Amino acid sequence: MYRLALNMLFGDRAKLAMLLCGLAFSALLMAQQSSVFFGIMSWTYTPMVNIRAQVWVSDPMVEQVNDAKPLRDTDLGRVRSVDGVAWAAPLHTSFVQARMQDGNFKLITLVGIDADTFAGAPAVLSQGRIEDLRLPDTVIVDEWGAALMGRMGVGPDGKPRNTPLQVGDTFEINDIQARIVGICRVKRAFTGGPFVYTTYDRAKGYTLGARRTLSFMLVEPQKGVAPAELCDRIERDTGLKAWTSDTVIWSWGERSLARNTFWWFWTNTGIPFSFGTAVLLGLFVGIAISGQTFYSFVLENLRYFAAIKAMGAGMGVIARMLIVQAFTAGLIGFGLGAGMAQAIGRVMIEKGMPPFVMYPQILWATFALVLGISLVSAVIGIIKVSRVDAASVFRG
Amino acid sequence: MFKKRLLLFALALAGAGAALQLTRGTATETPVQPPPYEPAIRDKDGLIAAAGLVEAVAENTLLGSPTSGTVAKVHVKVWDKVKAGDPVLTLDDRDLRAQHAVQKAAVDAAAATAERAADVARRWTGIKDSGAVSAADLLSYQMAAKEAQAKLALAKAQLDQTAVLLDRLVLRSPIDATVLQVGVRAGEFVAAGAKAPVVLGDITRLQIRCDVDEQLATRMREGLPAKGYLKGESSLAGAKDRSIALKFVRIEPFVIPKTSLTGASIERVDTRVLQVIYQFDRPTGRALFVGQQMDVYIDASQDAPGK
Amino acid sequence: MSRLAHTVAVRATGVDMFFGTPENRVVALKQAGFEARRGELIMLVGPSGCGKTTLLSVIAGTLTPQAGAVEVFGQRLDGLGQEALTAFRRRNLGFVFQSFNLIPTLTVAENVMVPLLIQGRPFDEAHARALAILDQVGLKGREEGRPNALSGGQQQRVAIARALVHEPPLLICDEPTSALDKDTGAQIMQMVRDLSRSPERCVVVVTHDHRIFRFADRIAEMEDGRISRVVDDPKLLDTTHL
């Protein structure tokens with residue numbers, strides 16, 4: 001009977017196409033919009049991803065990673081004096097204007113790392129060596145920044161062409177020369193501009209006006225000390241705020257700076273609202289289209305279901321037939337929608353814009369919602385069929 | 001028809017599979033990698049961390065000039081080891097030398113005068129009894145001889161004085177030391193009491209001045225052992241132990257404002273530090289310079305030995 | 001079971017059936033009594049609104065009468081629950097509808113398989129039996145086509161194949177020829193007679209098409225919610241009002 005149910009579903013190609021379009025479209029909208037949303041939100045805690053350390057220490061008033069409140073240099077000694085700390089390194093982050101050679105200004109995220117150990121250095125350098133950062137007036141910029149700060153010129157075909165910054169190119173930060181000795185590959189950020197790495201001491205020079213330059217401290221716990229436990233100790237002993245650096249959103253601990261940054265943006269900006277409405281709209285459109293289509297499918301087949309009922313099929317069998325039909329349509333619709341979403345996603349990831357992060361959870365939630373839509377449609381159909389009198393088949 | 005349906009299923013499955021595959025990367029956290037160069041690892045509890053600056057033991061001798069004058073000769077270069085008494089600088093001494101020659105001639109003249117007066121006195125004394133001379137004249141001859149003797153002594157003393165002054169134009173090292181800085185060249189003028197032209201220091205034994213945050217000062221006690229890690233020694237990363245053992249010298253009794261400030265006019269001092277002095281032997285085979293920074297870990301986990 | 005012992009296949013006595021609210025009541029059956037035997041083809045005839053479709057529904061177990069007893073092959077249908085009625089229909093009944101009720105999105109063979117599949121038979125067995133009976137109704141070669149591609153007569157032949165594929169002891173035909181022309185209707189009735197002829201099977205045909213009365217063994221005439229008379233020969237009927 002279920003095979004017949006499927007044959008009934010697949011028999012009407014126009015209706016099937018409509019049904020699958022509705023389901024696939026809603027799956028696409030939900031998956032794609034949520035992924036872009038989480039992609040944009042993942043940009044908010046980009047520094048946590050680009051600058052890796054087990055524990056971050058900040059001023060007690062800091063709420064999120066883009067809002068550094070400077071510490072005193074001697075705080076480094078205080079953190080290093082906390083039991084359980086294996087090492088602690090200074091970190092400077094700030095948003096400053098960089099002046100390009102053509103006179104243009106660009107906002108950059110200046111990152112100063114410890115010149116001795118390079119703790120917090122970018123993991124992937126596509127050009128150059130990190131050691132060259134010890135040379136005078138040197139910086140490492142990220143690939144996106146190199147392109148963003150590149151020179152506009154005319155290509156061989158006569159069209160305007162952007163030449164990305166190369167190793168050896170220079171620009172200025174606060175009238176101090178910055179010579180590029182490396183290009184790194186890091187994640188883009190929501191606030192500020194491209195990441196420009198230099199040494200901690202040189203960052204002091206680049207930010208002339210700033211009185212304190214210690215934004216964060218990167219801390220490594222000793223073997224056997226859990227990061228969260230070390231955070232407790234640091235907070236107790238120094239009165240500073242300590243954070244863990246986990247960035248996988250479903251395993252965020254209470255102390256995760258990324259998590260706090262995420263929720264800070266959640267509560268303080270309109271991004272979640274605008275994207276939430278888009279996702280909800282996708283859901284409603286999906287429910288409306290596919291529910292409507294499936295309902296009309298049931299209506300059209302109502303007399304046949306009544307005949308099947310008269311021929312001795314119980315409501316259980318008919319209900320299961322409808323569920324099989326609805327869920328098959330749901331599964332295929334989900335698969336097609338997910339396929340389209342991931343295709344769009346791959347293009348977006350390739351271009352880097354807009355950010356696209358499809359968590360498995362997004363996929364599962366979409367799956368559950370599409371099946372939910374199917375279930376609702378099936379239930380409506382079942383109710384409709386169960387109300388039909390088997391005797392109605394005898395009336396012409 | 002059946003094939004088409006299969007195609008639809010396959011398409012859906014492929015779509016879901018590709019989407020699932022795309023999600024796989026998102027589940028992984030960027031791993032925390034160790035820094036490119038291994039930092040100094042704290043391996044025990046109860047440590048006080050401080051920032052230290054390397055300086056010479058007994059601090060540095062800023063050699064000054066007692067007189068103003070032009071530098072005639074610089075006897076040393078930076079890094080020269082000098083013994084106590086070795087000449088360091090010589091100032092221009094031509095005027096004193098000229099005076100010295102005049103005074104030497106004056107001594108000779110006075111000696112000749114004294115010799116003649118003594119001879120006259122002796123001769124008249126020998127014929128005293130003959131009565132060829134009055135007692136009064138004899139006394140006068142004897143007095144003249146004495147006077148000439150005194151004038152000779154004066155001339156000699158003046159010569160000696162000039163010799164001492166000449167010697168003073170040669171600046172000598174008061175201690176066994178290494179020349180750390182030479183700020184003058186021959187021909188330059190140095191004023192008495194002005195900026196020291198030469199810095200001497202004993203750098204066979206170095207000491208380190210540690211800034212301990214005032215909030216950690218309560219944990220500091222006398223005689224605590226400590227270890228230091230030199231900044232910029234990341235080339236030694238991975239070496240088993242690159243720490244330098246430090247020996248306690250003293251705690252400066254005065255908590256002072258932290259000195260390494262940027263100097264901006266709006267600057268207010270809000271950090272005070274306790275300074276603690278440690279001493280250490282210059283490690284062999286490792287470059288180490290006065291003025292270098294060091295990360296210092298003071299071991300406050302146990303009671304200070306012997307105190 | 002005791003089915004063989006009875007020559008009576010269907011017996012309905014004193015059946016009352018009315019629709020609507022108590023104030024605005026439409027009486028469909030009023031103390032109706034009806035009897036059909038095994039091995040016969042009995043026709044229910046009468047003017048529109050006389051209650052023949054309602055009586056058919058009661059016999060088929062798709063309507064439960066307000067009063068009276070209905071017995072099919074010795075089993076009382078009144079008082080059975082919905083589930084038991086459904087199971088009864090599944091086992092004992094074959095249907096031919098006026099409007100064919102063939103599922104347009106299924107193939108001819110799949111339509112015929114439906115009763116077997118409802119009984120829970122394996123797909124392959126059902127398919128084989130469907131092909132066999134489609135051969136009998138002369139539709140060999142059209143099995144994988146869609147019903148809509150067939151003519152009205154061919155569609156009704158598919159319906160007959162579907163009604164008989166599971167060999168039900170009671171075949172119920174509701175106006176089987178009203179959508180067909182004279183010759184086709186005669187062919188269909190001939191086919192119903194030929195295929196369903198069995199000493200065990202009872203065929204009840206509701207119709208007002210007097211051109212097919214000749215295929216009946218007996219004819220029961222209905223009037224105002226009850227059987228007015230039963231005749232053996234259609235010529236005895238007054239067909240002027242039909």
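What covers the buried residues of H6(C)? The cover includes helix H5 (152-164), strand S7 (170-174) and strand S8 (202-206) of chain C. This is a predicted model.

**Helix H6 of chain C**

- H6 spans residues 182-196 of chain C and has 15 residues.
- From first C-alpha to last, the helix reaches 21 Å, close to the 21 Å expected at 1.5 Å a residue.
- Gly185(C), Ile188(C), Met189(C), Met191(C), Val192(C) and Ser196(C) are buried in this helix.
- An α-helix has 3.6 residues a turn, so residues three or four places apart point the same way.
- Lys182(C), Asp183(C), Gln190(C) and Asp194(C) are exposed, on the face turned away from the buried side of H6(C).

**Nonpolar cores**

- The largest nonpolar core holds 236 residues.
- Tyr197(A), Met217(A), Leu218(A), Val219(A), Ile59(C), Val112(C) and Val204(C) touch the most other members of that core.
- Helix H2 (residues 13-44) of chain A gives the largest share of this core, 14 residues.
- Domain 1 (2-42 + 271-394) and domain 2 (50-246) of chain A both contribute residues, so the core lies between them.
- Tyr197(A) touches Val111(A), Ile113(A), Ala121(A), Pro122(A), Leu133(A), Val139(A), Ile140(A) and Cys184(A), leaving aside residues up to four places away in sequence.
- A second, separate core has 14 residues, including Leu63(B), Val88(B), Leu89(B) and Val198(B).

Key:
Residues numbered from 1 in each chain as written. Chains lettered and ligands numbered in written order. Predicted model: local features only at pLDDT ≥ 70, side-chain atom pairs only at ≥ 80, totals over all residues. Helix = DSSP H or I, 4+ residues; strand = E, 2+ residues; numbered from the N terminus. Expected span 1.5 Å × (residues − 1). Buried ≥ 20, exposed ≤ 12 C-beta atoms within 10 Å, placed from the backbone. Contact = placed C-beta atoms within 7 Å. Core = buried A, V, L, I, M, F, W, Y, C linked by C-beta atoms within 7 Å. Domains from an automatic or database assignment.
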